Amino acid sequence: MKIQVIGLALVLLLLGGCVPPVPRTWTAIPQPESLVTQLRLTGAGRQRIDTEAHVSVTMGGRYLATQQFLLAEKNSRLRADVLTGFGQLIMQVAVDDNWLSAFVNTTVPGKYYQGYATEENLSRFVRIPLQVSDLVSFLLYAPPVISYNSATVSARQDELTLRLDGGEQRQEVVFDPALRATTVRYYRAGTLQLEVTYGNFMAGANFPKSLKIDVPERDVRIKVAMEQPLINPDISVEKFRISAPVGAQLEIL
């Protein structure tokens with residue numbers, strides 16, 4: 001009888017190892033304003049980032065994967081050096097506040113562009129309709145918070161959802177049990193305009209090494225997988241401007 005009891009206990013122990021973890025039950029739901037504060041503080045200490053990243057773009061059913069070297073600095077400085085899988089430079093894009101410069105190396109000779117860093121001009125190269133300041137904020141894990149007049153929180157198993165309503169605009173933020181923002185959605189007139197998803201958080205640091213940016217109405221999705229990102233490194237201002245290579249054709253945006 002003792003052998004049977006021990007055998008049963010061993011079976012239960014082995015089976016217990018196959019049971020998935022029990023989802024967190026929220027005993028206390030944070031107040032909406034505390035989560036808004038948490039969201040605003042998420043990227044408060046990050047001003048700059050320097051990282052190599054694997055970036056893929058899916059647009060209208062077409063897929064393109066590249067290796068990129070990314071620099072970003074609050075509020076409106078950005079640079080991307082885009083390479084093929086074989087290490088060939090195909091494009092450089094740099095934004096310094098309201099000025100954009102770019103070199104596209106897919107033709108002979110290559111083309112050099114200059115102009116104001118409008119959302120329209122940036123989207124010609126980055127393929128996503130965002131202002132520079134917003135794109136930089138997402139890369140730095142500091143998602144913008146809309147102006148709102150009401151806020152609510154709902155709980156479901158192991159996640160919390162903060163909802164901010166501001167007239168035609170609405171924002172939803174999903175938090176994990178560690179109260180890290182993992183998904184941010186922006187709506188206008190009830191239609192989802194933009195969704196940003198974060199993951200692969202660095203060990204011991206509140207920073208995600210991967211993000212996805214979805215723009216449903218444009219059928220655009222960008223995935224960024226960072227490799228050993230450097231937070232708040234020294235970055236020369238000159239890095240955010242690109243000079244015209246010798247022989248490149250000049251085009252004004």
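Trainee: What sits between E10 and E11, and which residue in the turn has a positive phi?
Mentor: This is a predicted model, so keep that in mind throughout. E10 and E11 make a hairpin with two residues between them. Ala189 is in that turn, with a positive phi of about 50°.

Trainee: How many bridges pair E10 with E11, and in which sense?
Mentor: Six bridges, antiparallel. E11 covers residues 191-201.

Trainee: How many residues lie between the strands in the hairpin of E9 and E10?
Mentor: Five. Leu179 in that hairpin takes a positive phi near 60°.

Trainee: Is E10 mostly covered or mostly open?
Mentor: Mostly covered. E10 spans residues 181-188, and six of its eight residues are buried.

Trainee: Switching to helices. Which residues of H2 are buried?
Mentor: Pro32, Leu35, Val36 and Leu39, in a helix that runs over residues 32-41. They cover an arc of only 105° around the axis, so they sit on the same side of H2.

Trainee: What covers them?
Mentor: The cover for the buried residues of H2 includes E7, E8, E9 and E10.

Trainee: Which residues are buried in H3?
Mentor: Asn121, Leu122 and Phe125, within residues 119-126. Down the axis of H3 the buried residues fall within an arc of 95°, so they line one face of the helix.

Trainee: And what covers the buried residues of H3?
Mentor: Strands E4, E5 and E6 are included, along with helix H4. E4 is 89-96, E5 is 99-104, E6 is 111-116 and H4 is 132-139.

Trainee: What happens to phi just after H3?
Mentor: Arg127 follows, with a positive phi of about 65°.

Trainee: Now a loop residue. Where is Ile146?
Mentor: In the loop between H4 and E7, with E7 at 150-156.

Trainee: Buried or exposed?
Mentor: Ile146 has a relative accessible area of 10%. The cut-off for buried is under 20%, so Ile146 counts as buried.

Trainee: What is Ile146 in contact with, leaving aside neighbours within four places?
Mentor: Leu164, Gly166, Gln169, Arg170, Gln171 and Tyr186.

Trainee: How far is Ile146 from Thr183, C-alpha to C-alpha?
Mentor: 15 Å, and they are 37 residues apart along the chain.

Trainee: Whole protein, then. How many helices and strands?
Mentor: Four helices and 14 strands. The radius of gyration is 23 Å, well over the 18 Å that the globule rule gives for 253 residues, so the protein is more spread out than a compact globule. The C-alpha trace spans about 90 × 50 × 40 Å along its principal axes.

Trainee: What share of the residues is buried?
Mentor: Buried residues make up 41% of the 253. The accessible surface is about 14,200 Å², with 54% belonging to carbon and sulfur atoms.

Trainee: What is the mean pLDDT?
Mentor: 88, and 90% of the residues reach 70 or more. Over residues 1-22, though, pLDDT is below 50. That stretch has zero contacts in the model beyond near neighbours in sequence. Where pLDDT is low, the predicted coordinates should not be read in detail.

Key: Residues numbered from 1 in each chain as written. Predicted model: local features only at pLDDT ≥ 70, side-chain atom pairs only at ≥ 80, totals over all residues. Heavy atoms only, no water. Buried < 20%, exposed > 50% of the residue type's maximum accessible area, 1.4 Å probe, protein only. Pairing = 2+ DSSP bridges. pLDDT = per-residue confidence, 0-100. Contact = heavy atoms within 4.5 Å. Arc of directions from axis to C-beta. Rg over C-alpha atoms; globule rule 2.2 N^0.38 Å. Areas by Shrake-Rupley, 256 points an atom, 1.4 Å probe, with all protein chains shown as cover.
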